[in-house]
Amino acid sequence: MNVRIDPSSLSFDMWKQIPVPFYLSVYFFHVLNPNEVLQGGKPQVQERGPYVYREFRHKSNITFNDNDTVSFLEYRSFQFQPHKSRGLESDYIVIPNILVMSAAMMMEDRPMSLKLMMTLAFTTLGERAFMNRTVGEIMWGYEDPLMNLINKYFPNMFPFKGKFGLFAELNNSNSGLFTVFTGVKDFSRIHLVDKWNGLSKVSFWHSDQCNMINGTAGQMWAPFMSPESSLEFYSPEACRSMKLVYKEAALFEGIPTYRFVAPSTLFANGSVYPPNEGFCPCRESGIQNVSTCRFSAPLFLSHPHFYNADPVLAEAVAGLHPNPEEHALFLDIHPVTGIPMNCSVKLQLSLYMKAVRGIGQTGSIQPVVLPLLWFGESGAMEGKTLQSFYSQLVLLPKVLHYAQYVLLALGCVLLLVPIVYQIRSQEKCYLFWSGSKKGSKDKEATQAYSETLMTSAPKGTVLHEARL
C-alpha cells in the first residue's frame with residue numbers, strides 16, 4: 001500500500017479525512033463534600049460518566065510545499081451521544097471553580113492589599129471556591145461575570161471570549177497549522193512534523209529537549225515497524241511531544257498489530273526521570289505541570305486516577321482507584337503500513353488548590369491536586385474500511401502465500417511431464433531395438449539351418465537311410 005501523502009496515493013483520502021469513527025468519553029469527578037474541603041477536610045469524589053461525544057475530524061487548507069512537506073489545518077467538532085452515555089449534558093456536577101482558584105494561586109505572592117481587593121471582587125460577583133454547573137456548561141462554556149471582568153481589563157490573558165469551558169476552544173476549531181513531510185522525495189521522513197504554527201520548537205518549557213517538536217501529528221506513522229520502533233507525536237493539547245513504546249504483538253479483527261503504550265516515565269518528574277526536568281517546576285512524580293501553556297492556571301496532566309503516579313496523590317483524594325485495565329492508554333498499529341487500527345488515549349486534568357492567605361474564598365483548603373475530569377479519545381477501524389483492510393492486508397497475502405506453493409507444485413508437474421515422456425520414449429526405443437535384434441538373429445538361424453539341409457551328405461549316410 002502506498003502511504004505517501006500524495007493525491008495519487010491509495011491512502012491519501014484516508015489521510016485527508018480519517019474514516020475511523022472517533023469518540024470522546026468524559027468522566028467528571030463530582031466533589032461530594034465541598035464544605036468539608038473548605039474547612040480543611042479530605043476531598044471525596046465520585047466518578048460520573050461517561051458522557052460520550054462523536055468526534056468528527058477533517059483537514060482543510062491543504063497546501064503542498066516545495067520542500068517535500070504539506071501544510072494543513074485539522075478541524076474537530078463534537079456531537080453528544082445520549083445512547084452511549086451514562087447521563088445527560090444537563091446533569092449537575094460539583095467541581096472546583098477553576099477561575100477563582102487559579103486567580104487565587106496567581107495572587108499568592110502579591111501584596112495583601114491586592115488580595116483583599118480580589119476577595120471583595122469575588123464576593124461582589126458571587127464567586128466561590130466550588131461551583132455547581134451542568135456537564136454542558138463545564139464542557140462547552142458558561143457565562144461568568146469574572147470571565148467578563150478579566151476579558152475587559154486583561155483582554156489577552158485567556159483564549160476564551162465571553163464563555164469559559166474546559167473544551168470550548170476545541171469544538172469547531174483546529175489544533176494549529178501542522179506542516180509534515182509527505183515522504184514523496186524522502187520516504188524516511190514520511191509523516192514527521194516539520195513545523196507547528198510555523199515553529200520548529202515550542203517555548204513553554206525549560207530545556208531544548210522538552211521544547212522539541214518530535215514525531216508525527218498523531219494520525220499515521222512510518223510503515224515497516226519492528227518491536228524496536230517507538231511512536232512519537234506532538235500533542236498541541238499537552239503542549240509537548242509524547243513517546244510511546246512497544247508492548248506486544250496482537251490481532252485486531254484478524255489483522256496483525258503492534259500495541260504501543262505509555263512508558264512509566266511519561267509524566268515522571270525530574271528527580272525520577274532527569275530528561276523531564278525541563279517540564280518542572282514539578283510536584284509528585286506522575287503528574288505534569290501544564291500551567292505554562294494554560295494561562296498560568298495550576299493545572300496538571302496525568303493518567304486517569306493518578307495511574308502510574310506517586311501513590312500519595314491517589315491517597316490524598318477519597319474515591320480514586322487507579323488500575324491499568326481502565327486507565328492505561330494504548331495504540332494498536334498495523335506495522336506494515338503504520339496506520340492505527342484501534343486506539344484509546346486517556347488523560348486526566350487536575351487542579352492544584354490550597355488556602356491562600358488573604359483570599360477568603362479559599363477557606364482552609366489543604367494543599368491537594370484535585371482531579372477535575374479524565375477523558376478518553378478512542379477509535380477503531382470498522383465497516384467497509386475494515387473489510388477492505390482485511391482483504392488487502394490478510395486475505396490477499398494468504399492467497400499469495402498459498403498460491404506460491406500451488407504454482408511450485410504445478411511447476412514440478414510441468415517439469416516431470418517431459419521427463420516422463422523422455423523415459424517412455426527411451427523405453428519404446430529399447431523395446432523396438434531389442435525386438436529388431438532378436439528377429440535378425442532368428443532369421444540368421446533359419447537361413448543357416450536351410451543351408452545345412454541343402455548341403456550334400458556323405459554317401460554312406462544316404463545308403464543307410466535308403467535301406468531304412
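1. A disulfide here is a pair of cysteine sulfur atoms within 2.5 Å. The model is predicted: local features need pLDDT of at least 70, side-chain atom pairs count only at pLDDT 80 or more, and totals for chains, interfaces and linings use all residues. Residues are numbered from 1 along each chain as its sequence is written, and side-chain values use heavy atoms, with hydrogens and water left out.

2. Disulfide count. The rule gives two disulfides. With the bonded cysteines of the protein chain numbered in sequence order, the pairing reads 1-4, 2-3.

3. Cys239 to Cys293. The S to S distance is 2.2 Å. The torsion about the S-S bond is about 95°, so this disulfide is right-handed. Cys239 lies in the loop between β10 (230-235) and β11 (240-252), and Cys293 in the loop between β13 (287-289) and β14 (299-302), so the pair ties together parts that are 54 residues apart in sequence. Strands (E, at least two residues) and helices (H or I, at least four) are DSSP runs, numbered from the N terminus. Cys239 is buried at 2% relative accessibility. Cys293 is buried as well, at 11%. Buried means under 20% relative accessible area, exposed means over 50%, and partly exposed lies in between (1.4 Å probe, protein chains only).

4. Cys280 to Cys282. The S to S distance is 1.8 Å. The torsion is about -90°, so this disulfide is left-handed. Cys280 counts as buried at 11% relative accessibility, whereas Cys282 counts as partly exposed at 32%.

5. Other cysteines. The sulfur of Cys210 is 8.4 Å from the closest cysteine sulfur, in Cys280, which is too far for a bond. Cys210 is buried, with 4% relative accessibility. Cys343 is buried too, with a relative accessible area of 10%.

6. Strand β17. Of the 13 residues in β17 (residues 368-380), 11 are buried, so the strand is largely enclosed by the rest of the structure. Strand β16 (residues 339-353) runs antiparallel to β17, joined by 12 bridges. Leu349 stands opposite Leu373 of β17. Strand β1 (residues 22-31) also runs antiparallel to β17, with seven bridges. Val26 has Phe375 of β17 as its bridge partner. Strands count as paired if DSSP finds at least two bridges between them.

7. Aromatic pairs. The structure holds 18 of them. Phe12 and Trp15 form a tilted pair, 5.7 Å centre to centre with 35° between the planes. Both lie in helix α1 (residues 12-16), three residues apart, about one turn of the helix. Phe12 and Trp15 are both buried. Trp221 and Phe233 form an edge-to-face pair, 6.4 Å centre to centre with 80° between the planes. That pair links distant parts of the chain: Trp221 sits in the loop between α7 (208-211) and β10, and Phe233 in strand β10, 12 residues apart. Trp221 and Phe233 are both buried. The rule: rings of Phe, Tyr and Trp (its six-membered ring) pair if their centres lie within 6.5 Å; planes under 30 degrees apart are stacked, over 60 edge-to-face, and the rest tilted.

8. Aromatic cluster. One cluster is formed by Tyr53, Phe78, Phe80, Trp140, Phe167 and Phe375. Phe375 is also the β17 bridge partner of Val26.

9. Charges over rings. The charged end of Arg54 sits over the ring of Tyr23, 5.7 Å from its centre. The charged end of Arg189 sits over the ring of Phe181, 3.9 Å from its centre. The cut-offs are NZ of Lys or CZ of Arg within 6 Å of the ring centre and within 35 degrees of the ring normal.
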